[in-house]
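Please keep the structure open beside the text as you read.

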Amino acid sequence: EPDPLVIAKQARLADIDEEDNSKEVFTIGGQQMWLGHELRQQLKTSVEAYIATGRDTVTKWFNGQEFTFPSNVWLQMLAVLEVYAAEVLNTTEAHKAAVMALDSVENVENYDITAGYPQPLVFTPEILNAMAHE
């Protein structure tokens with residue numbers, strides 16, 4: 001017979017994964033998006049190639065929308081995104097460990113899986129402009 005505590009923990013871990021996925025978004029130019037690790041690495045390589053060939057500005061398209069920023073702004077955004085993604089992952093892993101350590105179905109079901117995540121990133125024109133002048 002399945003252990004109710006094991007079943008509750010498995011369900012809560014699935015909830016945590018869903019919460020994790022919902023946190024991995026940022027807003028730029030009013031549009032919500034997420035760049036997975038591989039895409040962030042590809043973008044960084046591309047921006048670095050633009051910089052190496054003397055290009056001051058980089059244009060990229062996401063979800064049918066064009067984004068043009070100074071090369072250094074792209075690199076700063078990517079660095080901020082990388083840290084944000086790492087913090088989201090750290091929070092997710094901490095929640096999973098905490099749930100696994102709980103000893104009752106009630107505690108598992110009542111565990112707040114939304115606590116501790118970093119605030120979603122919003123790259124406003126003002127923030128991007130400030131990055132351009134750093």
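Predicted model: local features only at pLDDT ≥ 70, side-chain atom pairs only at ≥ 80, totals over all residues.

## The three-stranded sheet

Three strands make up an open sheet, arranged in the order β2-β1-β5 with mixed pairing. Its edge strands are β2 (31-33) and β5 (121-123), each of which pairs on one side only. On average, neighbouring strands of this sheet are turned by 25 degrees against each other, direction ignored. Strands here are DSSP runs of E with at least two residues, helices are runs of H or I with at least four residues, and both are numbered from the N terminus. Two strands count as paired if DSSP finds at least two bridges between them.

Strand β1 (residues 26-28) and β5 pair in the parallel sense over three bridges.

Residues are numbered from 1 along each chain as its sequence is written, and side-chain values use heavy atoms, with hydrogens and water left out.

## Helices across the sheet

Which helices lie across β1 and β5? One of them is helix α3 (residues 71-101), running at about 170 degrees to β5. Helix α5 (residues 125-132) also lies across β1 and β5, at about 75 degrees to β5. For these angles, axes are lines fitted to C-alpha atoms, for helices over the stretch in contact, and the angles run from 0 to 180 degrees between N-to-C directions.

Buried means under 20% relative accessible area, exposed means over 50%, and partly exposed is in between (1.4 Å probe, protein chains only). Leaving aside residues up to four places away in sequence, M77 touches I28, F69, F123, L128 and M131, where contact means heavy atoms within 4.5 Å. M77 and E93 are 16 residues apart in sequence and 24 Å apart in space, C-alpha to C-alpha.

I127 lies in helix α5 and counts as partly exposed, because its relative accessibility is 37%. I127 and Y111 are 16 residues apart in sequence, with 35 Å between them in space, C-alpha to C-alpha.

## Aromatic pairs

How many aromatic pairs does the structure hold? There are seven. F26 and W34 form an edge-to-face pair, at 6.4 Å centre to centre with 70 degrees between the planes. F26 is buried because its relative accessibility is 3%, whereas W34 is partly exposed because its value is 25%. F62 and F67 form a tilted pair, at 5.9 Å centre to centre with 45 degrees between the planes. Both F62 and F67 are buried.

F26 and W34 also belong to one aromatic cluster with Y84 and F123. Rings of Phe, Tyr and Trp (its six-membered ring) pair if their centres lie within 6.5 Å; planes under 30 degrees apart count as stacked, over 60 as edge-to-face and the rest as tilted.

Q31 belongs to strand β2 and counts as buried because its relative accessible area is 14%. Not counting residues up to four places away in sequence, Q31 touches F26, F62, N63 and Q65.

N63 is found in the loop between β3 (57-62) and β4 (65-70). N63 has a positive phi of about 50 degrees, although it is not a glycine. Is N63 buried or exposed? It counts as exposed, because its relative accessibility is 59%.

## The chain as a whole

The chain has five helices and five strands, which follow the pattern α-β-β-α-β-β-α-α-β-α along the sequence. Its radius of gyration is 19 Å, well over the 14 Å that the globule rule gives for 134 residues, so the chain is more spread out than a compact globule. That radius is taken over C-alpha atoms, and the globule rule is 2.2 Å times the number of residues to the power 0.38. The C-alpha atoms fill a box of roughly 65 × 25 × 25 Å, taken along the principal axes.

Buried residues make up 33% of the 134 residues in the chain. Among contacts between residues at least 6 apart in sequence, 69% join residues at least 24 apart.
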